[in-house]
Amino acid sequence: MGIFRNISTGLRALFGRTRVEREMDEELRGFIDASAGAKQRAGVSPEEAARAARIEMGSTKAVKHRIRSAGWETAAESLWLDLRYSVRMLLKSPGFTLVAILSLALGIGANTAIFSLMDVVMLRTLPVDDPQRLVLFGPGRMVGSTNGLPDGSWELFSYPFYRSFSQKNEVYSGVAAIDSIEFGPHGTLAGGSSELFRASLVSGNYFSVLGVNPGRGRMLNDSDDKTPGSGAVAVISYAWWQRHGSDPSTVGKSVRIGGMAYTIVGVAPAGFLGTTVGEMPDLWIPLAMEKEISPGWNGITDKWFESLNLIGRLKPGVTHAQAAANTNLLFKQILRSDYVGQSTSQKELAKIEHAQIDLTSAARGLSRLCVRFSLPLQILITIAGLVLLIACANLANLLLARGAARSREFALRMAIGATRSRIACQLLIESLVLALLGAIVGVALAWNASHVLLTMANDSSEVAAMNVSPDLRVLAFSFALALFTALLFGMTPAIRATRFDLTGSLKQGRGIAVPSSGISLARGLIVAQVALSLVLLAAASLFLHSLVNLTRADTGFDKQDVLVFGLDQSAAGTPLDARLLNLQQQIEDRVQAVLGVQAASFSMFTFNQGIWSDDVSVQGIPRTPDNSHDVLYNVIGNGFFSTMRLPLVAGRGFDTIDKADSPKVAVINETMAHIFFPDRSPIGHRFGMGDDPAHSGDIEIVGVVKNAKYMALAESPEAAAYFPYSQHLQYFGNFSVRYSGQAAQMIPAVRRAIAEVNPNISINETSTLAEQADASTATQRLIARLSESVQKLSETSQELMSEGDVDHGFC
Amino acid sequence: MGQKTGDMVQGTLEMLILKTLALEPMHGYGVALRIEQVSQEVFRVNPGSLLPALARMERAGHVKSEWRSTENNRRAKYYLLTAAGRKALKQETASWDRQAAAIARIMEA
């Protein structure tokens with residue numbers, strides 16, 4: 001009950017100031033009069049009595065102050081006064097204030113920007129129902145497909161496996177499947193113009209397992225995902241719906257992709273961006289339509305085609321450990337019964353023995369970005385933290401000097417009754433004002449900076465698609481950081497400032513009275529500053545050095561003057577047979593004929609696009625631990641080596657004589673030649689894919705080519721083999737062109753040439769091979785550039801500070 | 001500002017005020033006078049301590065105040081004990097009795 005009265009009395013005291021003041025005066029006067037009256041009655045003269053009564057009371061101001069301090073409003077009021085006073089004092093030395101705010105803004109801004117990136121990549125949970133109960137099968141690093149029985153930890157699964165697992169499992173209330181690849185088909189909405197869709201293929205129960213409610217219409221359900229090819233429905237993302245005018249009649253319309261019309265049944269809720277961090281699908285389509293979306297993928301019926309990520313929702317009461325045990329038990333049962341059958345080899349049994357599923361939390365979704373960026377981000381935030389520490393040390397030093405210069409002011413205030421703690425408190429408030437202003441400017445900077453960070457790290461469109469605007473959590477972080485820094489740089493100077501000899505300071509006038517311990521403190525701060533700056537400098541140059549090393553690394557191929565077109569060949573509607581081969585050769589020939597084109601070739605991969613690797617068995621050479629590692633494979637056109645300028649070391653490249661029905665051939669790289677044929681020529685020898693010696697005579701080696709980097713500039717040389725696409729029929733997503741002249745003129749010319757052969761083949765993106773090589777070091781470059789700029793920034797703020805020092809002399 | 005509260009035991013002032021007001025509503029000077037007289041001038045309550053103490057107790061809800069006219073027809077702020085104040089007095093008296101008895105035992109030992 002007292003609380004309300006307390007608050008209302010407090011408010012009355014704050015706002016009905018004059019009345020309260022008058023009543024207090026009256027009470028005090030009444031007291032003195034009564035006391036004087038009593039003394040008079042006891043025989044003291046009236047003047048004496050009045051004097052004695054007043055002496056008993058003491059300073060009425062002090063008594064009134066003590067009466068007032070019975071309530072909270074006094075604290076609030078003195079806080080307000082201190083705040084006003086602090087702002088006034090800061091405005092009195094604008095140079096110092098500006099420098100302090102700027103250097104803090106840079107420090108806090110850098111931290112906020114990096115933290116907001118961390119927030120998106122590592123910390124944000126999915127906007128779904130109870131995300132903590134979601135688990136991902138495997139660490140979720142791989143994209144694409146695997147086949148066979150992977151040894152060890154599994155992370156991609158086939159559709160038949162998913163079906164039998166989710167039927168038999170007892171620990172999950174539901175298991176959802178997501179194709180690890182985001183598809184990018186072209187399509188049209190209700191007869192409109194052709195556009196690129198980012199499509200995620202998911203199981204029918206995807207939305208219900210996650211607990212995502214429809215924004216509009218309905219989400220997918222199990223019946224959409226029952227029979228292959230029969231679930232031509234789609235859920236569209238809220239962002240896509242908005243981009244298309246938020247038209248309520250969109251639900252019910254259809255999207256046409258590759259000859260199929262997908263009825264839009266609903267719109268996902270606004271916050272839901274899918275389960276993979278950095279990817280924002282436009283469409284969710286049932287997995288049953290996989291073959292229709294991507295004709296090369298036979299995942300629905302092929303139990304060896306493993307391309308799905310699985311996410312399960314734990315049943316209530318089931319612990320993580322129980323789920324892990326149960327999952328692995330069922331996993332091995334299914335492997336034994338469905339995968340290997342009767343004629344199980346010893347090796348297969350061993351693989352099943354080693355096979356396991358590591359459950360990881362799916363609360364934050366699948367974050368491949370997290371795997372890639374978590375260490376760099378941690379390094380960066382440490383660096384940014386150092387910068388802020390330097391700024392704090394700097395500022396503490398300046399405040400110390402300022403405190404010494406203001407000692408007369410403090411002495412005066414103490415002489416007229418201010419307590420030491422009151423002054424220290426006011427100084428802390430000054431620091432707090434500085435820090436908060438710094439934080440505000442810093443957050444404003446960070447707002448833009450995190451986008452700049454992204455562009456710097458931008459090695460793929462997925463990163464650019466992320467939403468990195470600071471949210472409440474980030475703002476809270478910056479605010480906490482500001483409080484922390486204020487305490488860090490403000491505390492010691494505030495306490496130090498009030499520790500002096502009062503009369504000495506007053507007599508000295510404007511003299512500066514820094515106690516000797518203050519000087520040693522200042523020295524300590526400078527030492528700390530220099531040390532931290534050195535650490536920064538060392539880190540920056542280290543990162544820069546390793547980056548330079550990377551960019552100087554010999555790629556093997558010549559990355560200059562090569563354009564790489566990303567295209568969707570399957571859109572041409574050509575079936576996977578000799579007609580496709582014919583189309584591919586036609587395109588290559590037509591583009592070769594374009595003026596300025598030196599060579600052109602399809603390929604499964606160019607640098608840093610992915611990996612196809614498998615075991616190898618070489619005819620006549622027994623397997624030893626030294627030679628049994630995976631070989632990296634690539635499927636290429638006849639012009640690939642000249643497009644990449646990869647010189648042949650021995651034998652020949654591929655030619656028109658290598659036909660679909662002629663003997664299978666391969667070109668291997670120097671490392672593979674060295675491993676298997678250290679002292680003789682490999683030409684004419686044979687090998688097979690996989691570890692089965694029965695196949696070791698499948699493929700003849702016709703050439704040896706120079707080593708080239710496959711996935712990363714820093715990788716050590718690995719065994720690799722190339723096959724001609726005439727003998728490995730597939731749809732390609734890559735087309736490389738070596739040219740002379742201007743890239744800007746080449747791009748439309750090549751596009752035209754391809755369109756002349758088949759206008760339905762859509763080109764999604766164009767980059768240069770040099771860009772691809774650069775992109776592979778994006779993370780390192782990001783760190784190097786950032787640590788460098790952060791180090792520069794810290795230098796700038798220190799320079800600003802020392803200028804501020806000069807300015808400070810006038811305040 | 002030399003405010004000597006006699007040698008009053010720390011924290012007992014509010015208890016003495018409560019006890020004094022339990023008899024009848026009084027103004028500030030009345031309280032001071034009463035404590036002085038009853039204690040036979042052992043305790044002299046200084047207004048610099050008394051008035052802030054009353055303000056604190058009013059905030060705590062132990063007393064409330066109203067303006068009344070005094071016996072010689074002047075306006076004065078009278079303090080009255082509330083129900084909460086009565087309860088507080090009871091508690092403080094009990095704990096004081098315990099402490100005093102304990103101290104007495106120690107001193108006599």
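**Reading the interface of chain B and chain A**

In this predicted model, the area buried between chain B and chain A is about 2,100 Å², and carbon and sulfur atoms give 58% of that area.

Q: How is an area of this kind to be read, and which residues of chain B lose the most area to chain A?

A: The size of an interface is often expressed as the accessible area lost when the parts come together. Here, Tyr29(B), Leu51(B) and Arg59(B) lose the most on the side of chain B, together 35% of what that side buries. In terms of contacts, 24 residues of chain B meet 26 residues of chain A.

Q: How many salt bridges does the rule find across the interface of chain B and chain A?

A: A salt bridge requires a side-chain nitrogen of Lys or Arg within 4 Å of a carboxyl oxygen of Asp or Glu. The rule finds four across this interface. The side chains of Glu26(A) and Arg75(B) form a salt bridge, at 3.1 Å from N to O. The count of residue pairs in polar contact across the interface is five.

Q: Which element gives the most to the side of chain B that touches chain A?

A: At least two residues each come from α2 (28–38), α3 (47–60) and β3 (75–81) of chain B. The most come from α3(B), with ten residues. By class, this side of chain B has eleven nonpolar, six polar and seven charged residues.

Q: Is Cys392(A) buried or exposed?

A: The cut-off for buried is under 20% relative accessible area. Cys392(A) has 3% relative accessibility, so Cys392(A) counts as buried. Cys425(A), at 35%, is partly exposed. A search of the whole structure finds zero disulfides over all chains.

Key. Residues numbered from 1 in each chain as written. Chains lettered and ligands numbered in written order. Predicted model: local features only at pLDDT ≥ 70, side-chain atom pairs only at ≥ 80, totals over all residues. Heavy atoms only, no water. Contact = heavy atoms within 4.5 Å. Buried area = accessible area lost by both parts, 1.4 Å probe. Polar contact = N/O pair within 3.5 Å; in protein donor to acceptor, adjacent residues only side chain to side chain. Helix = DSSP H or I, 4+ residues; strand = E, 2+ residues; numbered from the N terminus. Nonpolar A, V, L, I, M, F, W, Y, C, P; charged D, E, K, R; others polar. Disulfide = S-S within 2.5 Å. Buried < 20%, exposed > 50% of the residue type's maximum accessible area, 1.4 Å probe, protein only.
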